[in-house]
Amino acid sequence: ALQDEYGVRQGRRTVLSVQNGVDDGVSSAIACIVDRRLLEVYDADAPGEPTATRTLPEHTVAVHLTEDLIFALVREPVLGDKEDLTDIFSFTSSVHVLARRCEGDDDNGRRRIVTLQTFHVPRRAGVPKSFMAARVPERVDGKRTHLRGCMLVTTLGVFELKPKSDVATVL
């Protein structure tokens with residue numbers, strides 16, 4: 001049913017996720033991770049062409065989008081090219097906080113990614129699985145007081161990830 005929609009194409013390894021309230025708090029988007037290194041963002045109502053394309057850190061397995069940021073969960077194998085989720089020592093995990101909007105393109109014509117912050121996930125936190133939306137930041141006079149973070153779900157718990165306060169000054 002998803003053939004040729006939301007980045008699903010023959011020969012491409014894709015991971016799809018619904019991103020609710022990404023820009024205006026109401027609209028939804030479909031995030032498509034292609035081959036663990038490319039993000040294509042689609043309007044949920046218009047699956048044909050991506051509205052944005054971004055290069056991701058290699059080995060990205062999940063993303064969470066906010067108004068200004070991309071949270072990318074990276075599980076990098078220690079040996080070989082694939083992690084073994086039953087062996088916590090076969091990979092390292094981190095969450096990269098990336099700017100959604102930045103100037104300049106990479107060599108392939110895609111928007112370049114700027115890593116603003118990295119969270120290293122300790123092995124004692126369990127296997128990182130997915131993201132959940134965090135609460136929406138308060139607004140003062142129509143402006144956000146800080147950037148929205150997200151929740152990281154692991155096999156042993158849920159962790160809140162908050163961008164550093166100086167990240168907002170870069171955007």
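**Entry 1: the four-stranded sheet.** I started with an open sheet of four strands, which is antiparallel in its pairing and runs in the order β5-β6-β7-β8. For my own record, strands are DSSP runs of E with at least two residues, and they are numbered from the N terminus. Two strands count as paired if DSSP finds at least two bridges between them. Which strands stand at the edges? They are β5 (60-65) and β8 (115-121); each has a single partner strand, so one side of each has no neighbour in the sheet. From one strand to the next, I noted a twist that averages 20 degrees. The angles come from axes, which are lines fitted to C-alpha atoms, and run from 0 to 180 degrees between N-to-C directions.

A note on the source: this is a predicted model, where local features need pLDDT of at least 70 and side-chain atom pairs count only at pLDDT 80 or more, while totals for chains, interfaces and linings use all residues. Residues are numbered from 1 along each chain as its sequence is written, and side-chain values use heavy atoms, with hydrogens and water left out.

Entry 2: How many bridges join β6 to β7? I found nine, between residues 69-77 of β6 and residues 91-99 of β7, with the two strands running antiparallel. One pair I looked up by name was L69, whose bridge partner in β7 is A99. As a reminder to myself, strands of a sheet pair through backbone hydrogen bonds, either parallel or antiparallel.

**Entry 3: the three-stranded sheet.** Next I went to an open sheet of three strands, ordered β9-β12-β13 and antiparallel in its pairing. Its edges are β9 (128-133) and β13 (157-161), and each has a single partner strand, so one side of each is left without a neighbour in the sheet. Here the twist averages 30 degrees from one strand to the next. Strand β12 (residues 150-154) pairs with β13 over five antiparallel bridges. In β13, I traced E160 as the bridge partner of M151.

Entry 4: R36 isn't a glycine, yet its phi is positive, near 60 degrees. I located R36 in the loop between β2 (28-34) and β3 (38-43). Is R36 buried or exposed? R36 counts as buried, because its relative accessibility is 16%; the cut-off for buried is under 20% relative accessible area, with a 1.4 Å probe and protein chains only.

H59, also not a glycine, has a positive phi of about 75 degrees. I found H59 in the loop between β4 (52-55) and β5. H59 has 16% relative accessibility, so I put it down as buried.

Terms used: Buried means under 20% relative accessible area, exposed over 50%, partly exposed in between (1.4 Å probe, protein chains only).
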